[in-house]
Amino acid sequence: MKPLSLAIVLGATVATAACRGREEPALNAGTRGPGPTLTAAPEPVLGFLDESREGVPIRGGVLRRRLVGEPSTLNAVLQTGLPEQQILQYLSRPLVDVDARLGLVPGLAERREVSDDGLEYRFFLAPNAVWEDGTPVTSADAIFTIGKAADPKTPSPVFKPLFADLERVEAIDAKSFRARFRRRDAMHAYAFTLPLLPEKRFAGKSFLKARENRAPLANGPYRLASWKTQESIELERNPRWPGTPGNFDRIHFRVVPENAVAYRALVEGRLDETWIDQSLKDRSATDARFAACCRIVEFYNLDYNYIALNNRSPFFSDSLVRRAMTMLRDRPAIVRGLYRGSARMISGPWAPDSPAYDASLTPLPFDPPEAARLLEQAGWRDTDGDGTRDRGGRELEFDLLVSAGSTAGRQINEIFAAELARAGVKARIRTLEWATFVERVDSGDYEAASLAWAASDANPDPFPYWHSSQFPPAGGNVAFYRNAAADELMEEARGELDPEKRRAIYHRLHRVFRNDPPVVFVVNASQKYAFRTRVRGIVTSPLGLYGFWPGPLSWWGTPDESVIPEKPS
Amino acid sequence: MGDARRVGDSGEAELTRYVVRRILLAIPTLFGIVVLVFLLLHLAPGSPVSASGSPESGRRVSGAAREEMRRLYDLHLPLPERFGKWIGRVVRFDLGESFVDRRPVSERIREALPATLALNGLALLLTLAIAIPLGVVAGGRPEGPFDRISAVALFALYSMPVFWAALLLQSLLSVELGWLPLYGVSSDDAPGGIAGIGDRLAHLALPVTCLTYGSLAFLARIVRAGVVDARSQVYFTAALARGVSRRAALWRHAFRNALLPVITLLGLLLPGLLSGSVIVERIFAWPGLGRLYFDSILSRDYPVVLGLSLVGAVATLAATLAADVAYAFADPRVRESA
């Protein structure tokens, strides 16, 4: 569950187990180079769109995409956010990639081998993998990139944790290398979704300040054509890309911070796609101009939101109270009212499309009488008749922190506070600016906080965020959750390389989380994008619209909307 | 002649001493501002580490990475040491490097400066071009129909939230009518150089309008008040008595005297040319200093925020100094009393 597309654990374990002690078959045609492949895997349950086989792609034209903010770098090792990921996907290829169905596919490496003990990975680079200047991608580039990601002096928040157990990485020859880890973990396979950097371009330069960080050398289907600071980034085809070329001649990214403005730009024809929220989706339903030119693409990914409860606080240290909090959350009403039905209730730290999620477990119901009984059982009663429960002279009254950037979060929590008040629990909503909010949560200086889990990487390993050894400041278990059974299962899952056994462990773990909820898991809401109808070939994934291969590389577009007789359903 | 030169020399020397004194006084003022901004920024909740995710994505940085980033940004050092390091660089005209992209702060400011200067400069010129005639005409007949109507209209504009007006204008003039570009500095396919000027001006139209309409009210009302005051003066009546037309008397006599407070106000407004406008720059995706400032505050990019604050403080002090010097030049009593 690191920020970025590291794929999903079961896909990882499938691939890892399949190749242990033997050579893994090439997942892609070697002669085509590191091109796109879709594996035949079960489709996610809801909202999956696959237009990859609809129509004959048209080559040419410009795709106009939106960036919410400007990328801080185009150095793959230093990347921190979505804007970087969106652009790097066109420019820089990793050794292995993840496809729409969460399976591993080759990137720059045409094949790999994993040792019997699961500690050593060998990668064999595709012979035709080249940089845009025509020089070959070599094992020296891979070793340099991995070395930088693992270097303590390099701020690489996305990839560093994945290489934390790296013992050594060394070349076998110019086109192959081996990486050895100190500990066996199926997740290590996903460390190699790191896009490679050209070693020679960084020689003798400061890695953090090198010009290449804003002018990267591409090894992917496109290369950087121009970058106007705070305005736009333009990509053009990389003529040396050996794989299947992208459909558009150019990709034009425009920085448009405001959602409402991006929506207008889409309708006006200045953008071809933008992320939208529920309010813009509602607006589009009655907007004739939108209907004439655009369509909504909606699907579920692996994000979810939850109310973090500080298990160290006197209120939430008791599992009964945490269960009661979950049962006081009217999630069906949230799904119906705020999300117009496009959200799913969850009962553990995964979205329903994650293989770790046990769909047979129903979420705890909205049941105020039962919640009241649990609170009474935990000793919280309204002894002084002031409408708020108390115990030992202390009122059940706490601050619920909400990030100022989250409108939906604010609305959801206002409803929650009202529900709690009816049950004799007083929650004061405090809206904090993002950096302040995060600092409070990460340091454990809070009682309850509304959080969203951005799981675009799809790695379901809960260890870093829910194991009792991972309390802040070093770890990510900001809820300070401690459950011996859960700890044991998380440890067991990390060491288990068999995908089915691992899935079974996660399902047992899910049951523990459901019965002893560390926090209030709320919903997995759908993601909404608006597209010009001229853009076709869209494939969605639990990883989102991008963050998987080929993702937006499979999109194509007609030069004119009128060419398309009708919108795809 | 000899006496006149002596008097002139003495006046110049006096003025020079005054200017030097004011510059010397500006140095501790600037230092005070810098210390205050540094403290406010570093003592405010949140840090570059906690700000490195985003509320949109909900992303946060893991524990180990947080500690490494703290070291990278020198956040593990005591505050006085951090200040010492920063001020040590500033005195060598080095504003440091951005935490976000590791580029020199001066480079980032230099990139954003032209866009903001163009936007705010044009908005200021437009404000003056509209507000002054409005104020003079309204002040020419106080409580007359034009004065009343313009007052209501100006206050209505003043009360209109800029974000709302901006979105409304975008909807109408860009999306519905297609007359003006929606956002940005120029079109993607705009030609460079002189040929692209029309395109750039078209892109300026909406943001300049949004920056202008709100500031019309106070400037027009200041001019009006000055004109009304001047109308009651003897020289205005004398001008009319000499047979000067009403319009000429208003513009040549009343307006000239009403201009003095406007010039004072301009001295205060000029540093604002550098500060940018956060809301307008965000809505119109304008790559200026306002957006840079806002984004830098959100991401706790201390070097950029400090650099921009320093530039703003220097500009304000320079404008104040220039205004003081102009006054001293015009009025000897000021330099005598200083």
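What covers the buried residues of H12(A)?

**The whole model**

Start with everything displayed. This is a predicted model, and the predictor gives the complex an ipTM of 0.78 and a pTM of 0.83.

Colour chain A by secondary structure. Its elements come to 15 helices and 22 strands. Chain A has 569 residues, of which 56% count as buried. Take the contacts in chain A between residues at least 6 apart in sequence: 72% of them join residues at least 24 apart.

Now colour chain B by pLDDT. The mean for chain B is 83, and 88% of its residues reach 70 or more.

Zoom in on E10(A), residues 250-255. Five of its six residues are buried, so E10(A) is largely enclosed by the rest of the structure.

Which way do E1(A) and E10(A) run relative to each other, parallel or antiparallel? E1(A), residues 62-67, is joined to E10(A) by six bridges, and the two run parallel.

Move to E9(A), residues 232-237. Five bridges join E9(A) to E10(A), and here the strands run antiparallel. A:Leu235 of this pairing stands opposite A:Ile251 in E10(A).

**H12 of chain A and its cover**

Next select residues 434-442 of chain A, which make up H12(A). Eight of the nine residues of this helix are buried, so H12(A) is largely enclosed by the rest of the structure. The buried residues are A:Trp434, A:Ala435, A:Phe437, A:Val438, A:Glu439, A:Arg440, A:Val441 and A:Asp442.

Bring chain B back to answer the opening question. The cover over the buried residues of H12(A) includes E13, E17 (397-403), E18 (426-432) and E19 (448-453) of chain A, together with H12 of chain B. Just after H12(A), look at A:Gly444, which takes a positive phi of about 80 degrees.

Select A:Tyr306, found in E13(A), residues 304-309. A residue is buried if 20 or more other C-beta atoms lie within 10 Å of its own. A:Tyr306 has 23 such neighbours and therefore counts as buried.

Which residues does A:Tyr306 touch, leaving aside its neighbours within four places in sequence? They are A:Leu451, A:Trp453, A:Val519, A:Val520, A:Phe521 and A:Val522. A:Leu451 is 145 residues away from A:Tyr306 along the chain, and their C-alpha atoms are separated by 5.4 Å.

**The side of chain B that touches chain A**

Show both chains. In all, 44 residues of chain B are in contact with 50 residues of chain A. On the chain B side, the elements that give two or more residues are H2 (63-72), H4 (105-140), H6 (162-176), H11 (278-283) and H12 (289-298). H2(B) gives the most, with six residues. By class, this side of chain B has 19 nonpolar, 14 polar and eleven charged residues.

**A helix pair in chain B**

Finish with H6(B) and H7(B), the latter spanning residues 197-231. Their axes come within 10 Å and cross at roughly 140 degrees, in a right-handed crossing. H6(B) contributes B:Val162, B:Ala165, B:Ala166, B:Leu169, B:Gln170 and B:Leu173 to the contact, while H7(B) contributes B:Leu206, B:Thr209, B:Cys210 and B:Gly214. By class, that contact has seven nonpolar, three polar and no charged residues.

Definitions and conventions: Residues numbered from 1 in each chain as written. Chains lettered and ligands numbered in written order. Predicted model: local features only at pLDDT ≥ 70, side-chain atom pairs only at ≥ 80, totals over all residues. Contact = placed C-beta atoms within 7 Å. Helix = DSSP H or I, 4+ residues; strand = E, 2+ residues; numbered from the N terminus. Nonpolar A, V, L, I, M, F, W, Y, C, P; charged D, E, K, R; others polar. pLDDT = per-residue confidence, 0-100. Buried ≥ 20, exposed ≤ 12 C-beta atoms within 10 Å, placed from the backbone. Axes fitted to C-alpha atoms, helices over the stretch in contact; angles between N-to-C directions. Left-handed = near helix turned anticlockwise from the far one by under 90°. Pairing = 2+ DSSP bridges.
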